[in-house]
Amino acid sequence: REGATGRSVPLSDRVNLLADRAMKWANLGSKKVADKKIAITIFSFPPDKGNVGTAAYLDVFDSIKAVLKQLKSEGYDIGD
């Protein structure tokens, strides 16, 4: 923010970062499935306490399995 008026001031590095990210998201729509890369992350908190994939009222691993099944039906290579 500008000190005297409190107005927002654009920061060019952040504007460029956001614009680059938006362009990448937009380009995903025209990419072939074979050229896309997908990552699935699993929540674990607190770390090292055996809480991998825990979430209140959710069946995390069955949900991941369902997502992978859908991705495979859409032509994604989900591995073995």
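**Figure 1. Val52 in the loop between the two helices.** In this predicted model, Val52 is placed in the loop that connects α1 and α2 (60-73). Its relative accessibility is 47%, so Val52 counts as partly exposed; the exposed class would require over 50%. Val52 also belongs to a nonpolar surface patch, together with Ile38, Ile40, Ile42, Phe61 and Val67. The accessible area of these residues together is about 520 Å².

**Figure 2. Helix α1, residues 12-28.** Helix α1 comprises 17 residues. From the first C-alpha to the last, α1 reaches 24 Å, close to the 24 Å expected at 1.5 Å a residue. The number of buried residues among the 17 of α1 is zero, so this helix lies largely in the open.

**Figure 3. The buried side of helix α2.** Val60, Ile64 and Leu71 are buried in α2. Around the helix axis they cover an arc of only 35°, which puts them on the same side of α2.

**Figure 4. The opposite face of helix α2 and the residue that follows.** Lys65, Lys69, Lys72 and Ser73 are exposed residues carried by the face of α2 that is turned away from its buried side. Just after α2, Gly75 adopts a positive phi of about 100°.

**Figure 5. Asp77 beyond helix α2.** Asp77 is located in the segment after α2. With a relative accessible area of 75%, Asp77 is exposed.

**Figure 6. The protein chain as the setting for the preceding views.** The protein chain contains two helices and zero strands. Its C-alpha trace spans about 55 × 40 × 20 Å along the principal axes. The radius of gyration of the protein chain is 20 Å, whereas a compact globule of 80 residues would have a value near 12 Å. Of the 80 residues of the protein chain, 6% count as buried, with Val60, Ile64 and Leu71 of α2 among the buried residues.

Terms used: Residues numbered from 1 in each chain as written. Predicted model: local features only at pLDDT ≥ 70, side-chain atom pairs only at ≥ 80, totals over all residues. Heavy atoms only, no water. Helix = DSSP H or I, 4+ residues; strand = E, 2+ residues; numbered from the N terminus. Expected span 1.5 Å × (residues − 1). Buried < 20%, exposed > 50% of the residue type's maximum accessible area, 1.4 Å probe, protein only. Patch = residues over 30% accessible without salt bridge, like charges linked within 9 Å, V, L, I, M, F, W, Y side chains within 5 Å. Areas by Shrake-Rupley, 256 points an atom, 1.4 Å probe, with all protein chains shown as cover. Salt bridge = Lys/Arg side-chain N within 4 Å of Asp/Glu carboxyl O. Arc of directions from axis to C-beta. Rg over C-alpha atoms; globule rule 2.2 N^0.38 Å.
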